[in-house]
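Please read the numbered points with the structure open beside them.

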Amino acid sequence: MTTRDLDPIETLTSWLTDARSAVFFGGAGVSTASGIPDFRSAAGLYASQQNTGRSPEYLLSHDCLMNEPEEFFAFHRTNLVHPDAKPNRAHTALAELELSGHLAAVVTQNIDGLHQLAGSKTVYELHGSVERNHCMSRAHHAFGLDEIPDEPLVPICPLCGAIVRPDVVLYGEGLDPATVDASIEAIQQADALIVGGTSLNVYPAAGLLQYYPAHRLVLINLTSTPMDSRADLVIHEPVDQVLGHVSDLIHDTR
Ligand code: CNA
């Protein structure tokens, strides 16, 4: 039987069963089932910010942090920090696929730390993580999410008085070169690339897909993306359900 005879779930299952170095490249849609809104869905942050006169791009920018830190931290705390969120089936399925030797790495645009919480070991966080924070003095004092000074509205380092900011790549800031290099290497060596829960609108992150040389490019997203026409398999279904189903099929039959 060829993959032409299989439905999309069976095809993905067969490709991931064969895979020894697959990479998952994901975005905010991976965490919507954990109750964290994405940016561009109807229920996302862009729609909810529409009437406030301030774009999420500005409120999450380096300029906003420097010029209006109170606005920056109010938006960041309310919309991007979700300490009670739990991994969903997408996160746990990817951890299972890594453990069973099919998946080499998760490359994520997310900043929520849920892949690690689910048990994934090799996770490249292109946009950083709200779990890590540091003060903006040369001393670079580090704080976990639980340790960030609460007051005043703008968190201040108790050791040196500088602002404590999240280790998140803001609009107007560059990506960490070591994380980009490691992501490119994993993508170049992948025997399947599964892209899920991302609109592929944010650059340079989305541009990393161009480094994938092989076939077996899979897109799992509720809505269409600019890469759909280049993919070998497109599934417009919830990524948590698709990956959960595929992981069940692979791990129940081993
Ligand atoms: P985006 O532009 O909001 O796109 C999300 C995509 O996911 C959309 O195309 C949706 O249709 C799709 N989607 C939503 N739910 C599901 C689902 N259950 N199954 C399948 N598809 C779904 O977000 P991107 O990640 O593409 O944009 C990158 C930004 C978003 C990064 O800078 C992130 O830091 C930022 N972000 C991250 C989080 C997080 O860490 N959880 C939350 C919100 C935004």
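1. Helix α1 (residues 8-18) has I9, T11, L12, T13, W15 and L16 as its buried residues. Buried means under 20% relative accessible area, exposed over 50%, and partly exposed in between, with a 1.4 Å probe and protein chains only as cover. Helices (H or I, at least four residues) and strands (E, at least two) are DSSP runs numbered from the N terminus. Among the elements that cover the buried residues of α1 are β1, α6, β7, β8, β9 and α9, where contact means heavy atoms within 4.5 Å.

2. On the source of the values: the model is predicted, local features need pLDDT of at least 70, side-chain atom pairs count only at pLDDT 80 or more, and totals for chains, interfaces and linings use all residues. Residues are numbered from 1 along each chain as its sequence is written, and side-chain values use heavy atoms, with hydrogens and water left out.

3. In what order do the strands of the open sheet run? The 6 strands follow the order β3-β2-β1-β7-β8-β9, with parallel pairing. The edge strands, each pairing on one side only, are β3 (123-125) and β9 (233-235). From one strand to the next the twist averages 15 degrees. Two strands count as paired if DSSP finds at least two bridges between them.

4. The individual pairings can be followed along the sheet. Strands β1 and β2 run parallel and are joined by 5 bridges; A22 stands opposite L103 in β2. Between β2 and β3 there are 3 bridges, again in the parallel sense, and V107 stands opposite Y124 in β3. As for cover, 5 of the 6 residues of β2 are buried. Strand β8 (residues 217-220) is joined to β9 by 3 bridges, and the two run parallel. The partner of L219 in β9 is V234.

5. Helix α6 (residues 89-99) touches β1 (22-26) and β2 (103-108), and its direction makes about 145 degrees with that of β2. Helix α9 (residues 239-252) touches β1, β7 (193-196), β8 and β9, and its direction makes about 130 degrees with that of β8. For these angles, axes are lines fitted to C-alpha atoms, for helices over the stretch in contact, and the angles run from 0 to 180 degrees between N-to-C directions.

6. Which residues come nearest to the ligand? Of the 28 residues around the ligand, F39, R40, D112, T198 and S199 do; a residue counts as near if one of its heavy atoms lies within 4 Å. A ligand nitrogen is 2.8 Å from an N or O atom in the side chain of D112. For the side chain of T32, the corresponding separation from a ligand nitrogen is 2.9 Å. A polar backbone atom of L222 is 3.1 Å from a nitrogen of the ligand. Taken alone, the ligand exposes 870 Å², of which the protein buries 95%; accessible areas come from the Shrake-Rupley method with a 1.4 Å probe, and for residues only the protein chains shown count as cover.

7. T32 sits in the loop between β1 and α2 (45-48). Is T32 buried, exposed or partly exposed? T32 is partly exposed, with a relative accessible area of 36%. Apart from its neighbours within four places in sequence, T32 is in contact with P37 and D38.

8. H127 lies in the loop between β3 and β4 (128-135). Its relative accessible area is 14%, so H127 is buried. The H127 side chain reaches the backbone oxygen of Q109 at 3.3 Å; a polar contact is a pair of N or O atoms within 3.5 Å, where within protein one must be able to donate a hydrogen and the other to accept it, and residues adjacent in sequence count only if both atoms are side-chain atoms. Not counting residues up to four places away in sequence, the residues that H127 touches include T108, I111, D167 and L175.

9. L200 is buried, with a relative accessible area of 3%. R216, also in the loop between β7 and β8, has a positive phi of about 65 degrees although it is not a glycine.
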